[in-house]
Amino acid sequence: MKPSIKDVAMVAGVSATTVSRVLNNRGYISEETKKKVYKAMEEIEYYPNDIARALLNNKTNLIGLIFPMINNPFHVELISYIETILSEKGFKVLLCNSMNNPKKEQDYLTMLRRNQVDGIIVGTHNDNIPDYNIPELPVIAIDRYLGDGVVTVSCDNYGGGRLAVQSLLDNGCKNILCIRGNSKLKLPANKRSQAYIDIMNENNLKVNIAEVEFIKSIEEKFELVKEIILNNKDIDGVFAGDDLLASMVINVCEEQGIDVPKDLKVIGFDGAIQTLAYLPKLTTIKQPIKKIAEVSVDKLIRKINGEKVDNEIGLPVVLHRGKTI
């Protein structure tokens, strides 16, 4: 039989009410009494019921994370930072892997609300999910616009796009292809391809954009990238909307005997630690992944505490110089 508060009280030599006050940090309790209670809890291996305490305090200290996949190096690193920061601040995490499935995403959102999470951080890419603008539930979106009441956190996508394309131009490219995700989605990342369009027009060069939907499987994406490269044999540079697409371009080139960077120069976007560990030669635009996590958590906690917070969509990026341009 599991030990109860009464058992703790008996061992500690105090009342059950005093034990309850210690556990819920209510009223004045002397340090000596607190030590007695905690020592008694440890002695009889009593663990407080977090669910009951949550009902009492109207706070669960649970945060929901909804992401489209947990095997993407960018998301892996971002989630790792978010979980670590939240843990240091006393929060636990419920991680939801939507697998780019809108039904799963909606089900997870419902599940998180039923579990009375204190807030949600979302980084999904589905376009047919009902508005996340839930008045009583703080939500932070990473690189996604989800409604007027949802704060968005993102890097300087436009500046990063210009930096990427200018790097290709500086290395002699004239016929640059931009491979991006679904332009119909409301994403701050759309500014990457907008920067490409602007800088190509400024230099009187041909704009050439191909789309590969984010929600497609890895296998489907690779076949689409292969088709795009084979149908654009006159290009001398590729600006990929993320590092996964950039790595696929490089793999297609190796398969087709196209020398990178001699025949085709390639630059990506993200710069996750894991990506650069496996593909150190990749030239890419590095997002401040840890900073994105820190800002997202900070804004979420401030929203939980009832503070007004605004979007943060210009976190600085840098060029990682590899060997693909």
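**Notebook: a cavity and a helix pair**

I sorted the lining of the largest cavity by class and recorded ten nonpolar, ten polar and six charged residues; Ala, Val, Leu, Ile, Met, Phe, Trp, Tyr, Cys and Pro count as nonpolar, Asp, Glu, Lys and Arg as charged, and the others, Gly among them, as polar.

I noted that the model is predicted, that local features need pLDDT of at least 70 and side-chain atom pairs pLDDT 80 or more, and that totals for chains, interfaces and linings use all residues. Residues are numbered from 1 along each chain as its sequence is written, and side-chain values use heavy atoms, without hydrogens and water.

I searched the whole structure and found one cavity of 30 Å³ or more. A cavity here is a set of points, on a 1 Å grid over the protein atoms alone, where a 1.4 Å probe fits but cannot get out; lining residues have an atom within 4 Å of a point. The largest cavity holds about 420 Å³, a volume being the space filled by probe spheres set on the points. Of its 26 lining residues, His125, Ala189, Arg192, Gly241 and Asp242 are the closest to its centre.

I then looked up which elements line the largest cavity: helix H5 (73–88), strand E6 (176–180) and helix H8 (190–202) each supply at least two residues. H8 gives the most, with three. Helices (H or I, at least four residues) and strands (E, at least two) are DSSP runs, numbered from the N terminus.

Lastly, I recorded that the contact (heavy atoms within 4.5 Å) between H2 and H3 is made by residues including Val22 of H2 and Tyr38 of H3.

Key:
On a 1 Å grid over the protein atoms alone, a cavity is a set of points where a 1.4 Å probe fits but cannot get out, and a pocket is an open set with protein on both sides within 12 Å along at least five of seven lines; lining residues have an atom within 4 Å of a point.
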